[in-house]
Amino acid sequence: MKISLNKKILAGCLITFLLFSTILVLLFLFGPLLPWSLIKPGFKKIETESVQIYYKEEKYLDHAEMYASVVENVIDEIEELYGLEQQSPVSVFVVDQGDLKRYIPWLNKGVGGATLQIGDTIYINIEKILETDRDPLEYLKHEMVHEIIYQNSGLLNAYRMMDTSLFTEGFPVFYGGPTYYEDRIKFLEEYTEKEPQIVVAREGAKAYTKIGETNSASFNYTLYGEFIQYLVDTYGQEAVNNFLHKWINQPDNFRSDFKEIFGRELYEVQDDFGPEL
Ligand SMILES: [Zn+2]
């Protein structure tokens, strides 16, 4: 009787172990753990000096090759512009909508690109980008800025930075786009139309940094990029970089760091920025 009970417990443990092992293997091969899997089923790879580009469908081979031909130059440009250095290699996965949903299920599958806060993995949703008639190169440039910033901030700060989308998205858009408006006039028209909805909150980290409290990511991103452009035009790239370096190392102190570097409160500069557009 006692032996039989022990056998049952053993069998139970074995089944649980096998179940967990199987789930883990599936997560590595076909799910969110893929970037750290030694085997990447169905993917082919092109390597450059500091980037591995993985592409699944033969139909995305052209895009993977185009990315490989420019990505080192993109890294150089970002390092030069923002005074930051890429710390370690990065994997860029060129995927479609279905893949994106499987590899980062917690994200809206409609995004054109995403960078993991750990800073070593980028997904580019080529299907979505082509569907919306946008430029695949702009998405690579945008995500590479995220990646280099995350590599220099550390994981914890990378998550803290998510509260300040004005800067989190402003710096990538300022360098790389994507361009959501064919011409500036259309953007300004929309700005004029949406202005009443724009909230410049003076307290509370989250609300504070979202200039555009609209549901349109395209509009908000463009606005964030324009704000960084305004800072560069007004205070110079060096001052903006000083702020960037402080912000990525202590994201919660962005208010006092902003004031220290630019000599004015963020909300004051935001107030001036609107009419300057
Ligand atoms: Zn982004």
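Student: What share of the chain's contacts with a separation of 6 or more comes from residues 24 or more positions apart?

Tutor: In this predicted model, residues 24 or more positions apart account for 64% of the contacts with a separation of 6 or more.

Student: And how many helices and strands does the chain have?

Tutor: There are 14 helices and 5 strands, and the C-alpha trace spans about 80 × 45 × 35 Å along its principal axes. Of the 277 residues, 36% count as buried.

Student: Which domains is the chain divided into?

Tutor: The division gives domain 1 (2–30), domain 2 (44–153) and domain 3 (167–276), and the C-alpha centres of domain 1 and domain 2 lie 37 Å apart.

Student: OK, on to the sheet: in what order do the strands come?

Tutor: The 5 strands form an open sheet with mixed pairing, in the order E1-E2-E3-E5-E4. Strand E1 (44–47) and strand E4 (113–115) stand at the edges with a single partner strand each, so one side of each has no neighbour in the sheet. On average, neighbouring strands of this sheet are turned by 20° against each other, direction ignored.

Student: Do E1 and E2 pair in the parallel or the antiparallel sense?

Tutor: E1 and strand E2 (residues 51–55) pair in the antiparallel sense, over 4 bridges, and Tyr 54 in E2 is the bridge partner of Lys 45.

Student: What about E5, which strands does it pair with?

Tutor: E5 pairs with E3 in the parallel sense over 5 bridges, where Phe 93 stands opposite Tyr 123 in E5. E5 also pairs with E4, in the antiparallel sense and over 3 bridges, and there Thr 115 stands opposite Ile 122 in E5.

Student: How many residues lie between E4 and E5 in their hairpin?

Tutor: The hairpin has 5 residues between E4 and E5, and Gly 119 in the turn has a positive phi of about 85°.

Student: Which residues of E5 are buried on each side?

Tutor: Thr 121, Tyr 123 and Asn 125 are buried on one side, and Ile 122 and Ile 124 are buried on the other, which leaves both faces of E5 covered. In general, the side chains of a regular strand alternate between the two faces of the sheet.

Student: Now the helices: which strands does H2 lie across?

Tutor: Helix H2 (residues 61–82) lies across E1, E2 and strand E3 (90–95), and H2 runs at about 170° to E2. Helix H5 (residues 136–153), in turn, lies across E3, E4 and strand E5 (121–125), running at about 15° to E4.

Student: How many residues of H5 are buried?

Tutor: In H5, 16 of the 18 residues are buried, so this helix is largely enclosed by the rest of the structure. At 1.5 Å a residue its 18 residues should span 26 Å, which agrees with the 26 Å between its end C-alpha atoms. Just after H5 comes Gly 154, with a positive phi of about 90°.

Student: Switching to H13, which residues are buried there?

Tutor: The buried residues of helix H13 (residues 254–262) are Phe 254, Asp 257 and Phe 258. Looking down the axis of H13, these buried residues fall within an arc of 105°, so they line one face of the helix. As a general point, an α-helix has 3.6 residues a turn, so residues three or four places apart point the same way.

Student: What covers that buried face, and what follows H13?

Tutor: The cover over the buried residues of H13 includes helix H12 (237–249) and helix H14 (266–276), while the helix is followed by Gly 263, whose phi is positive, near 80°.

Technical notes:
Residues are numbered from 1 along each chain as its sequence is written. This is a predicted model: local features need pLDDT of at least 70, side-chain atom pairs count only at pLDDT 80 or more; totals for chains, interfaces and linings use all residues. A residue is buried if 20 or more other C-beta atoms lie within 10 Å of its own, exposed if 12 or fewer, and partly exposed in between; C-beta atoms are placed from the backbone. Helices (H or I, at least four residues) and strands (E, at least two) are DSSP runs, numbered from the N terminus. The arc is that of the directions from the helix axis to the C-beta atoms. Two residues are in contact if their C-beta atoms, placed from the backbone, lie within 7 Å. Domain bounds come from an automatic or database domain assignment. Two strands pair if DSSP finds at least two bridges between them. Axes are lines fitted to C-alpha atoms, for helices over the stretch in contact, and angles run from 0 to 180 degrees between N-to-C directions. The expected span of a helix is 1.5 Å times one less than its number of residues.
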